[in-house]
Amino acid sequence: QVQLAESGGGLVRPGGSLKLSCEASGSIFSIDAMGWYRQAPGKQRELVAVVTSSAGTNFADFVKGRVAISRDDAWNTVVLQIDSLKPEDTAVYYCYTKARTSWKGTGSDYWGQGTQVTVSS
């Protein structure tokens, strides 16, 4: 199994920045992708940003130009920074990874428990 430990989040004023970190641990053979999704009340979970094993990135349109995502060399930690936060960024942010626990088969999706981000004055 793979576990994801999230940190960061909380209350942020409009126009501020936040940094979310996520560390993967467990029986990891390889990681294909790692990143963040979010879910606002009454809405579906949506992609924020993901980085792949080939260092490719995928950003949602609503954060383009104000987001950065990075991973460490050991490829078990990913950090998301979002600037110029807006009240509509308020949501529970979930760490995500597509990882393999052995050389056989394809990767599986794993999720963190989520961390609340509230953007309000």
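1. C95 counts as buried, at 0% relative accessibility. Buried here means under 20% relative accessible area, exposed means over 50%, and partly exposed is in between (1.4 Å probe, protein chains only). C22 has a relative accessibility of 1%, so C22 is buried too.

2. A word on the source: this is a predicted model, where local features need pLDDT of at least 70, side-chain atom pairs count only at pLDDT 80 or more, and totals for chains, interfaces and linings use all residues. Residues are numbered from 1 along each chain as its sequence is written, and side-chain values use heavy atoms, with hydrogens and water left out.

3. The structure holds one disulfide (a pair of cysteine sulfur atoms within 2.5 Å). This bond joins C22 to C95, with an S to S distance of 2.0 Å. Because C22 lies in strand β3 (residues 18-26) and C95 in strand β9, the pair ties together parts 73 residues apart in sequence. Strands are DSSP runs (E, at least two residues), numbered from the N terminus. The torsion about the S-S bond is about -90°, so the disulfide is left-handed.

4. Seven of the 10 residues of β9 (residues 91-100) are buried, so the strand is largely enclosed by the rest of the structure.

5. Which strands pair with β9? Pairing requires at least two DSSP bridges between two strands. Strand β4 (residues 30-39) runs antiparallel to β9 over nine bridges, and M34 stands opposite T97. Strand β10 (residues 108-111) is joined to β9 by four antiparallel bridges, with Y110 as the partner of T97.
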